[in-house]
2 protein chains.
Amino acid sequence: MPDVSVSDVTYEDLAQLEQEFDDAELQTLREQHKIYAPLYKKRQEVVAKIPSFWALVLEQAPTEFENYTTPSDSQVFADALKSIEVERFEIDDPNGSPRSVAIRFHFDSNEYFEDKVLEKKFWHRRALDGWSGIVSEPVKISWKKGKDLTQGLTDAAAALFAARKKQDAAQNGSSNGQSKASKIAKLPEYKAIIDKIENNTEAALSFFTWFGFVSSHGYVTAEESAEASKKEAEKRAKRANGEKVEDEDVDEKDDEEDFFDESEICPSGEEVAEIIVNELWPQAIKYFTAAQEADDDDLSELEDADLDDEDDDDEPVDIRSLVPGKGKKENGSSASPPPKKRRT
Amino acid sequence: MPDVSVSDVTYEDLAQLEQEFDDAELQTLREQHKIYAPLYKKRQEVVAKIPSFWALVLEQAPTEFENYTTPSDSQVFADALKSIEVERFEIDDPNGSPRSVAIRFHFDSNEYFEDKVLEKKFWHRRALDGWSGIVSEPVKISWKKGKDLTQGLTDAAAALFAARKKQDAAQNGSSNGQSKASKIAKLPEYKAIIDKIENNTEAALSFFTWFGFVSSHGYVTAEESAEASKKEAEKRAKRANGEKVEDEDVDEKDDEEDFFDESEICPSGEEVAEIIVNELWPQAIKYFTAAQEADDDDLSELEDADLDDEDDDDEPVDIRSLVPGKGKKENGSSASPPPKKRRT
């Protein structure tokens, strides 16, 4: 071990390095986008011709994803999911972030809701308290009568969000000495959503609550993010000059985080988005192929044993039995199938 | 949904797309390497001055990693781990893969083993049966007398590997109509390792068994990989020309995979490598910072309550109590701490 004491390294050096790693991650996302964009476009064209492609991908999704879907959700996907699209919609915006991402679900006409497209946008923003991360806005789903799989949770999330917006506008951004959190707790829509969450534990399991997700931290507006980013840039410039930089607001952040979890109808919303963006989307063909192979395995077992229980997976619902058409086995792929149904 | 039947899409189209995604991944790894290489170099210089930096990073590692380490392992890291290095050693080799990676652990003189460096190399290779993935060679650790945390498992893995090599050389690569697997099962070193695994369930939990890891599929030589890659390139060329390509060997692959798990002393070896390469290494500063903050939290709890139980984590051993020096709290980082000890 080098004969140097801890004091020879300032923690500012580490903070400076962290900034450079953060920039490197953004640069990597941009390079990756350039490499993959034409491929994703080509893939969309090919898979558009395969009925139930995306429903089969979701069926074969990683185990963590399964925890966020119910048999009813799977039925909706099997009946009506046309395609999924993921777009880094701020990649070319100098004021935006390559981490911001839009996830669009396209549906055929169906018995559950009126919407043909449900688009969930995630903005990467910075809060004035020092936090940075992903925030979203609740998407109102036009559920058909008696068909709301979330039992009003997505409606309630949209209503709370609208009420917050109105409150903010009325107070013209001033905090009146109150924290964001305590102001929101006074809204009737806040109490309503807390009640709904408590009384609808079953509905809270539906994948569609994800469309109501806001944030693990609390919503951050574009304006707040712009202001915080300006301050952060000043800090970074100081740090790059070797000046010491203080971070004042670290403790407030903890309180906010504690508070917001209660009104969040989909506390795992960020994780669900990450699975879609980082696993299902880039590996869709592998998941689809694995679904085909699992299907073939089931069929050959049927032939061998002449039994009727092709449904020997541990999934609650096997979407493969729900979708209308399926293709023939694909043997040409050289890559390994995704982990979940890997042949071992 | 477009009015097109499944037969309009050949599965060759999907296989072709998969190849292009595979190439895109390699290209991304190369770009990422260019972006990060100078940063990693700079970081190594900074953290070399912080005693126990890497031991603290390992202590704060993701939960999955904890499953692969014992309290004795943590003690070795606390006593003697100097640094960790990750290198994509084939990145500039046209016959190599950017997925190949070397992980080096540097140690001070210590009471456990003679080695100053333990280097574990993972080659990304292609087998003639169609499989492709990561293989490694067992690293023999020069344990001091009575100090082998693996109770002979790493020695046994090295012995089996050497015996296999000798067997292959003697048979000059010919299979004599036997599968790789059945040839190996006849080696006395094979029976020895199976016995050792069965009788040393405790030792098999040590992190150091990872140095004996070979593969989840079975070792693949550089020669086999070169031959398989040549065949694969021919297939790819055909497919790019729109010709149909058959994959003959898919079934044999399953048997091999089933077989090899039995003599593998670290069945999760690939997962452990992935955690180090994809999480601990890129996020080391965040893990270190989180360790410092967790430490500070413990101290302030102590001050508040005047109690003696600072060790209220659920880890079996808290390495922070084992390492000699620790730094002051680092508040300047703008990024979130890694998930495990995130303040909520």
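**Briefing: aromatic pairs and selected residues**

Over all chains, the structure holds 56 aromatic pairs. The model described here is predicted.

**Aromatic pairs in chain A**

- Phe207(A) and Phe208(A) form an edge-to-face pair, with 5.8 Å from centre to centre and 80° between the planes.
- Phe207(A) and Phe208(A) are both buried.
- Phe207(A) and Phe208(A) also belong to a cluster linked by ring pairs. Its members include Phe65(A), Phe77(A), Phe105(A), Phe107(A), Phe113(A) and Phe122(A). Also among them are Trp143(A), Trp210(A), Phe211(A) and Phe213(A).

**A stacked tryptophan pair in chain B**

- Trp54(B) and Trp281(B) form a stacked aromatic pair, with 5.8 Å from centre to centre and 15° between the planes.
- Trp54(B) lies in helix 2 (residues 53-59) of chain B, and Trp281(B) lies in the loop between helix 10 (269-280) and helix 11 (284-305) of chain B, so the pair ties together parts that are 227 residues apart in sequence.
- Trp54(B) and Trp281(B) are both buried.

**Surroundings of Trp281(B)**

- Trp281(B) has a relative accessibility of 6%. It counts as buried because this value is under the 20% cut-off.
- The charged end of Arg43(B) sits over the ring of Trp281(B), 4.5 Å from the ring centre.
- Leaving aside residues up to four places away in sequence, Trp281(B) touches Tyr40(B), Arg43(B), Gln44(B), Trp54(B), Ile84(B), Glu85(B), Val86(B) and Ile276(B).

**Gln16(B) in helix 1**

- Gln16(B) is placed in helix 1 of chain B, which covers residues 11-47.
- The relative accessible area of Gln16(B) is 18%. Gln16(B) is therefore buried, as the cut-off is under 20%.
- The side chains of Gln16(B) and Glu20(B) are joined by a polar contact of 2.9 Å.
- When residues up to four places away in sequence are not counted, Gln16(B) touches Arg239(B) and Ala240(B).

Key: Residues numbered from 1 in each chain as written. Chains lettered and ligands numbered in written order. Predicted model: local features only at pLDDT ≥ 70, side-chain atom pairs only at ≥ 80, totals over all residues. Heavy atoms only, no water. Helix = DSSP H or I, 4+ residues; strand = E, 2+ residues; numbered from the N terminus. Buried < 20%, exposed > 50% of the residue type's maximum accessible area, 1.4 Å probe, protein only. Polar contact = N/O pair within 3.5 Å; in protein donor to acceptor, adjacent residues only side chain to side chain. Contact = heavy atoms within 4.5 Å. Phe/Tyr/Trp six-rings, centres within 6.5 Å; stacked < 30°, edge-to-face > 60°. Lys NZ or Arg CZ within 6 Å of the ring centre and 35° of its normal.
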